[in-house]
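Please keep the structure in view while reading.

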Amino acid sequence: MTVARFWREIPQRYNLVGTKCEVCGDVFFPPRAICPHCRRDGKIVPCQCSGKGKVLTYSVLSAASDQFSALKPYVLAIIELEEGTRVTSHLICEPEEVHIGMPVKSVFRVLDREGSDGIIHYGTKFVPDL
Amino acid sequence: MREVAVIGAGMTKFGERWDTSFRDLCTEAGIAALEDANVAGEQIDALFVGSMSAGRFVGQEHVGALVADYVGLGGDLHVPATRVEAACASGGLAFRQAVAAVSSGMSDVVIAAGVEKMTDVGDSTDVLAGAADREWESFAGATFPGLYAMIACDYMHKYGLTREQLAQVAVKNHFHGARNPFAHFQNEITQSTVMNSTLVASPLRLFDCSPVSDGAAVVVVCPLEKAREFTDTPIKVLASAQAGDTIALHDRPDFSTMGATVAAGNSAFRQAKLERKDIDFVEVHDCFTIAELCAIEDLGFVPKGTAGKFTEQGETQLGGKLPVNTSGGLKACGHPVGATGIKQIWEVVQQLRGEGGKRQVEGAEIGMTQNVGGTGATVVSHIFGRA
Amino acid sequence: MVGIITYGAYIPRFRIKIEEIARVWGANAAEITGGLGVLEKAVPDYDENTATFSVEAARSALCRRPVDVADIKAVYVGSESHPYAVKPTAVTVGEAIGATPVMTAADYEFACKAGTAAIQTAMGLVSSGMMKYAVAIGADTAQGAPGDALEYTAAAGGAAYVIGNDDPIAVINETCSFTSDTPDFWRREGEDYPRHGGRFSGDPGYFKHTLGAAKLMMELRGTKPSDYTHAVFHQPNAKFPQKAAQMLGFTKEQIKAGLLAPTLGNTYSGAVPLGLAAVLDVAKPGDRIFVTSYGSGAGSDAFDITVTDAILTKIDRSRGATVEQMLATKKYLDYAVYARHKGKIRM
């Protein structure tokens with residue numbers, strides 16, 4: 001990822017800043033500039049998500065691209081945030097621990113490092129909310 | 001709108017083709033298809049090439065022109081060539097563009113090619129991850145096995161699919177692949193082969209996953225009314241459908257249902273004026289075992305949640321009620337991503353001509369294909385019949 | 001009066017037992033744990049570093065007491081393991097707590113006392129009226145070369161303090177420092193691991209400066225050890241702070257709440273901030289806390305702190321994980337996995 005590509009999403013990656021359509025009330029994280037339901041009739045405003053949610057589905061990955069191979073095995077999950085939107089994320093827990101419906105909360109972690117001399121990509125991951 | 005027919009089909013053997021380059025794969029399949037169609041270069045009006053990621057697999061863009069050049073249609077004949085991309089549905093979509101070009105009257109004889117040279121790159125997992133939402137899925141650590149594994153997790157949770165039923169998809173596809181001389185894998189396996197293979201992304205194991213393959217497949221289409229000038233066995237295109245969905249899996253209302261497959265399937269059946277029971281066999285996009293189960297449900301052949309049992313009962317194997325993936329599917333025939341959609345059509349052509357050899361579906365009259373891009377953000381579906 | 005508005009701590013969940021490290025290097029585990037008084041140490045996850053600890057600690061602080069982040073005008077992070085040699089950790093924290101862009105920020109380095117140096121800076125900015133709140137953080141993923149004596153204690157964690165002067169939960173009555181050029185421990189630019197002067201780091205380093213600052217503080221305030229409820233000292237191991245406390249006349253009971261080294265290890269810049277956080281977790285209004293940090297190179301910062309009623313009324317300590325809770329949440333690693341976590345295996 002180039003420097004600019006990471007940088008421009010810092011509010012989203014660090015603080016789950018998504019968007020909300022004021023017309024239908026739907027919240028979007030990842031953010032959308034157009035409400036897929038109201039389209040041009042919608043009104044999109046920024047919306048910060050709380051970081052609380054639950055696991056809808058998951059997998060424990062034993063194989064990954066080179067970028068994430070140091071994390072193997074890791075839990076990948078689709079998480080429904082309490083605002084109703086869904087996000088795909090690394091879930092930091094023991095593989096045996098994860099289950100559908102598990103409550104989770106967001107944490108601040110390193111997503112990826114560009115080698116030993118490139119930039120460090122920080123962002124949001126999730127952990128069990130005990 | 002003119003009716004369209006397939007008049008020729010050719011493919012390379014799929015597999016780890018270490019000694020064959022991207023362009024040589026295209027040439028090999030292209031020549032086979034042109035010979036099969038009995039078409040001369042001068043008669044060709046246009047070429048569509050489906051390739052998911054030549055740019056990242058072999059560092060080559062502009063592959064429409066490259067392929068046209070190396071099959072002898074570039075320099076002297078100046079045939080227009082267009083690359084088509086929709087991830088793993090690139091092949092199916094290239095075919096759909098060829099059908100559109102002919103049915104609209106813009107072109108007469110059109111080639112649809114699909115190709116991928118995947119083994120020249122080290123980290124193919126990362127290249128394939130580009131078929132998902134790079135920003136919000138891949139950067140979060142999602143891989144394709146991981147995304148389909150999350151579909152499988154959801155499906156198993158909702159419908160009680162057993163690990164054995166899932167394994168049977170791969171067993172059946174290897175049974176078919178063993179009867180296809182062009183398949184990447186031509187060996188039969190057992191459920192224990194699948195269930196004892198290494199975990200890739202739980203619950204999916206290595207033998208639930210299609211392999212990384214090199215290969216190309218090419219078909220030739222023309223107006224149905226002219227088809228008999230080239231062949232005695234033209235195959236009529238009864239429907240050409242395509243549908244889209246959200247790029248990311250997490251935005252789907254039901255992870256176990258591919259909305260684009262449902263939409264494309266319904267559209268195809270409407271176009272062909274056919275019922276589900278009219279289909280004799282189907283080639284579906286089994287990039288992972290779970291995907292085949294979802295596909296035959298979402299196309300409407302069996303109710304949601306019952307494909308595992310249907311498969312376990314042998315109904316999707318040769319001789320069953322609905323033979324699925326007689327080519328071996330992506331699992332056994334191999335999955336050079338851009339080539340897969342064209343290979344599915346190649347297989348339908350073999351079956352409808354009665355040239356399926358040891359894997360021939362008895363009395364095959366109508367065949368269907370379903371080709372998926374990503375986790376279902378693009379689905380292309382075609383129905384074919386003997387003309 | 002300037003003081004602590006809120007605070008938060010972060011300790012990663014992985015641990016390695018000192019006996020496991022000793023096993024790998026063929027050392028006598030009983031001698032080492034006996035000598036250091038340390039049984040296990042905290043280890044970061046693959047995707048954790050000083051910046052992630054700092055953010056988690058700062059967010060925990062803000063969770064305990066919601067302050068208007070627009071009033072935070074400075075973020076200072078003290079560490080000797082800033083993820084970048086050039087590019088501040090403090091801006092990442094500022095961004096992650098929503099305090100950017102109208103704020104100043106900088107990273108501090110003064111071996112193990114960079115965190116308390118940050119607190120002193122924040123006090124100055126608030127006391128001078130330059131700003132309402134400043135955030136000071138001490139955090140480290142401490143480095144120790146494989147096989148080196150430091151490896152037995154070099155741990156990971158940190159704590160964050162919001163410094164201000166409206167209704168502090170603890171007033172900082174005084175701070176003073178004792179500093180000299182003493183090369184007892186250092187890391188040259190571009191080197192992965194620090195080196196140290198072995199036993200030299202004891203008397204001319206740790207004890208001279210710790211006692212120097214501590215005695216100066218009691219002189220300045222006219223206090224004696226028995227005036228304090230709790231005392232927190234820098235804890236490169238469990239022995240040094242106990243010895244310093246004894247030399248100064250503090251009891252074991254006074255240093256108990258803030259002595260984390262036995263089950264945490266040495267979190268370098270995080271050590272005193274975490275020790276103070278552990279004390280604040282259990283502190284009552286009126287408690288008086290004596291704090292002395294130590295950073296090699298060398299210097300000590302001392303603080304005289306009085307806990308106020310606001311600790312019961314203005315802050316909900318249960319909204320952030322306590323040091324005790326985080327120390328109790330742990331998963332042990334063997335040396336091989338620990339080496340992978342710490343990036344000691346180059347891939």
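Axes are lines fitted to C-alpha atoms, for helices over the stretch in contact, and angles run from 0 to 180 degrees between N-to-C directions. Helices (H or I, at least four residues) and strands (E, at least two) are DSSP runs, numbered from the N terminus. The model is predicted: local features need pLDDT of at least 70 and side-chain atom pairs pLDDT 80 or more, whereas totals for chains, interfaces and linings use all residues. Residues are numbered from 1 along each chain as its sequence is written, chains are lettered from A and ligands numbered from 1 in the order in which they are written, and side-chain values use heavy atoms, without hydrogens and water.

In chain B, helix H7 (residues 163–177) packs against helix H10 (residues 289–298) at an angle of about 95°, the axes being 8 Å apart. H7(B) is therefore roughly perpendicular to H10(B), a term for angles of 65 to 115 degrees. Contact means heavy atoms within 4.5 Å. On the H7(B) side, Leu166(B), Val169(B), Ala170(B), Lys172(B) and Asn173(B) take part, and they meet Thr289(B), Ile290(B), Glu292(B) and Leu293(B) of H10(B).

Chain B as a whole holds 13 helices and eleven strands. Its C-alpha atoms fill a box of roughly 55 × 45 × 35 Å along the principal axes. Of the contacts in chain B with a separation of 6 or more, 76% join residues 24 or more positions apart. Buried residues, those under 20% relative accessible area with a 1.4 Å probe and protein chains only, make up 65% of the 387 residues in chain B.

Terms used: Parallel < 35°, antiparallel > 145°, perpendicular 65-115°, else oblique. Buried < 20%, exposed > 50% of the residue type's maximum accessible area, 1.4 Å probe, protein only.
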